[in-house]
Amino acid sequence: MKIKLLILCSIAFSTLCYGQTKRALIFAIGNYPEESGWTTIASLRDDSLIRKALQNQKFQDIQVVRDNGATVNGIKNSLNDLITRSKPGDIVVIHFSSHGEQVEDLTGNKPDGLEESIVAFDAKQPPYGTEPTKEEILKLRKGYFLDNAFGVYVDKLREKLGKNGDVVIFMDLCYAGTGTRGIAKTRGGRPPLVSPGFYTRKHGISNNNQPVLQLGNEKDMASYVVIGAARANESDNETFDDTQHSIGPLSYAVSKVFCSLDSGMTYRSLFARIQSIMNDKLPQQHPVLSGTGQDRRLFGGSFVTQKPYVMIDKISGTEITLKGGKFAGLDVGAKVAVYPSGTSNIKDNKSLGTGTVTKAGLYNAVVHLDSRIALKQAALGWVFVTEQVFKTTPVNVAIANNVGKSVSRGGLSTNFSPNEIIRIQRALRSLPDVKLSMRPDINIARGKDSGVDSIIISSTGMMFDTIVNASKDTTRLKKKIKAYNQYCFLKNMNVYDPEANLEVKLVPVINGEPDTLHASAHDTSFTAGDKFMIWVSNKSRRNLYVNILDIQPNGVINAILPNNGQGIFADDLMIPAGTNFLFKNYIITLYPPYGKEIFKVFASVDKIDLENIATSHGEGKRGSLRPFEMLVQKSYHLRSADGQYIGNDSGSSYNLYFEIKKPQ
């Protein structure tokens, strides 16, 4: 994103209100009958993750409805029971893990003629290769729990809870009829269930960013928030958990975020964390946030702030094996401390022992303890990272479209010639952290019928950047490979300090004025040419400095805050505890490249200045640097053998994702 700037920022645990109860209703439908036509998915594993996450948040009433209990009637009965049990002021979570489907709308209220639904256990698909009649469609619809019907039950629940209650809905399924993306198992992805002649009739266009569930906004009803795993036109693809088992991506992200909740967290900041985790797993999928309670404190403020921890697998003398590795933020050299299981805040407790990570895989790690610890069972201890280490791994590169059979004279080949491949390989081998591999992170692909070649991310098929004639301009090619390495390093550089909680919103600018109504909207996409301002809220108990770096889809880094050239200095970026600030005199205009953009947000107790480091490509600032400054500077001079350490009280950093689209 090229940026044009116009000049025109105390509660760790809250006591439950009298009589307030935290309740949850989980629907897990994964083992569909073979004759239904719906594939088996890992919803029961979702149930286990979500249930544990809610138990850690002191939910007292958790009901789970699995498989054959979750027919349409079973779902309705369970929702009615939930409404009956609930009391005014309660906090209620409803979680669905299942397939999703679009069915023909018979009311005429949907512009595109399609209504979203949850695929209940008794749902059936039409026989393969057949076109069902309208009568058959009416019969098949009875196995699908329509969103309008769901909305009726949710509004009844909201009315029962009253204005002091909260309703939170997670929907780990998709409503898309566009098929799968990639090789992952998809939750839905079937063609819409419609009658003959449906596509010959005229329909409007559905808004892909529409709310997952549209409900009323009556002032005496409980607020509600709905988080869906994918947009209306997308599939919800399963991913893998930390033990390499299939899992719903939203369920996985929710369970992860619930292990590291900050004081003052809102549903919007919860969604930002969920979005960040899901983007790492499935970059092409876009979770959706909607509802009236987005800026309300999580669970009405009644939640346990939990610092992230890793469970112990086994203890052997001064060596312990952990049930978490690099995916849990552990790498060789990281410092850890052991505390009794159940510890939520290590500052209030004395550790049982300390140690250093000596081995780290993706899903496990080994720690050498400074001394033996007094634990009889591994389950009685939790391990907390006290000093993170950030490293890079070598980038695996492949050269796609290898030698072609022939090249017509005067024409351009769609394949690299042998000499071109040799030149590219020689350039890549000169880079210290690049390996030629048949299992690449990125591919260098010859452009078809043009001299513009592409750098493609293997896991997603998305283009990272382009280069004119990669085999000739190897100097520029090497710079772009380094940019990819830096992009990965900064994107994954997430630090969570519960005492450094900053929330950032992008507020659209219409006719020179901030569109505050949009501040509560669920849409995170913009069109090139759009303008916005930055709104920052400090939800912590101490003053914090904010810095923001913009990371373009092609790895180019721009300084957003501070920006000395526009009169916004590092000294000006202190946000007092408990206050909000809108940068009214700072308007940002969006330009290509198109794609998913990242605002890297840094919150620090100490003043930091990342602009000089970014604009000088890591060369500008010398002398005493704060931990975040050292990390960003390191990103310009990456070596996989090096590691940069950061303490657990240095502040927080996270990714704020948004999308830049082409104008229609």
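**Note on helix packing and sheet layout**

1. The crossing of α5 and α6 is right-handed (a crossing is right-handed if the near helix is turned clockwise from the far one by less than a right angle, and left-handed if anticlockwise). Helices (H or I, at least four residues) and strands (E, at least two) are DSSP runs, numbered from the N terminus. This is a predicted model: local features need pLDDT of at least 70, side-chain atom pairs count only at pLDDT 80 or more, and totals for chains, interfaces and linings use all residues. Residues are numbered from 1 along each chain as its sequence is written, and side-chain values use heavy atoms, with hydrogens and water left out.

2. Stay with α5 and α6. Helix α6 covers residues 267–281, and α5 packs on α6 at about 125° with the axes 9 Å apart. Axes are lines fitted to C-alpha atoms, for helices over the stretch in contact, and angles run from 0 to 180 degrees between N-to-C directions. The two helices are therefore oblique to each other (under 35 degrees counts as roughly parallel, over 145 as roughly antiparallel, 65 to 115 as roughly perpendicular, the rest as oblique).

3. The α5 side of this contact is P249, L250, Y252, A253, V254, K256 and V257; in α6 they meet L270, R273, I274, I277, M278 and K281. Contact means heavy atoms within 4.5 Å. By class there are ten nonpolar residues, three charged and no polar. Ala, Val, Leu, Ile, Met, Phe, Trp, Tyr, Cys and Pro count as nonpolar, Asp, Glu, Lys and Arg as charged, and the others, Gly among them, as polar.

4. Helix α5 (residues 249–257) also packs against helix α1 (residues 43–56), at about 25° and with the axes 9 Å apart. α1 and α5 are therefore roughly parallel to each other. Their crossing is left-handed. From α1, D46, L49, I50 and A53 meet S251, Y252, V254 and S255 of α5. That contact has five nonpolar residues, two polar and one charged.

5. Next, the mixed sheet. Six strands form an open sheet in the order β3-β2-β4-β8-β9-β12, with mixed pairing. Two strands pair if DSSP finds at least two bridges between them. β3 (61–66) and β12 (288–291) are the edges; each has a single partner strand, so one side of each lacks a neighbour in the sheet. Neighbouring strands are turned by 10° against each other on average, direction ignored.

6. Inside this sheet, β4 and β8 (residues 166–172) run parallel and are joined by seven bridges. H95 stands opposite F170 in β8. Two helices lie across β4, β8 and β9 (223–228): α4 runs at about 155° to β8, and α5 at about 135° to β8.

7. The three-stranded sheet is open and antiparallel, in the order β5-β6-β7. Its edge strands, β5 (100–104) and β7 (144–146), each pair on one side only. From one strand to the next the twist averages 45°. Five bridges join β5 to β6 (residues 114–119). Helix α4 (residues 147–161) lies across β6 and β7, at about 60° to β7.

8. Aromatic pairs number 20. Rings of Phe, Tyr and Trp (its six-membered ring) pair if their centres lie within 6.5 Å; planes under 30 degrees apart count as stacked, over 60 as edge-to-face and the rest as tilted. The ring centres of F96 and F150 are 5.3 Å apart and the planes stand at 80°, so this pair is edge-to-face. F96 lies in β4 (residues 91–97) and F150 in α4, so the pair ties together parts that are 54 residues apart in sequence.

9. The crossing is right-handed. R423, I424, A427 and L428 of α7 meet T474, L477, K478 and I481 of α8. The contact has five nonpolar, one polar and two charged residues.

10. Last, the strands β21 to β23. β21 (residues 442–445) and β22 (residues 452–457) run antiparallel through four bridges, with I442 partnered by I457. β22 and β23 (residues 463–468) are also antiparallel, through five bridges; S454 has T466 as its bridge partner. β22 and β23 form a hairpin with five residues between them, and G461 in the turn has a positive phi of about 75°.
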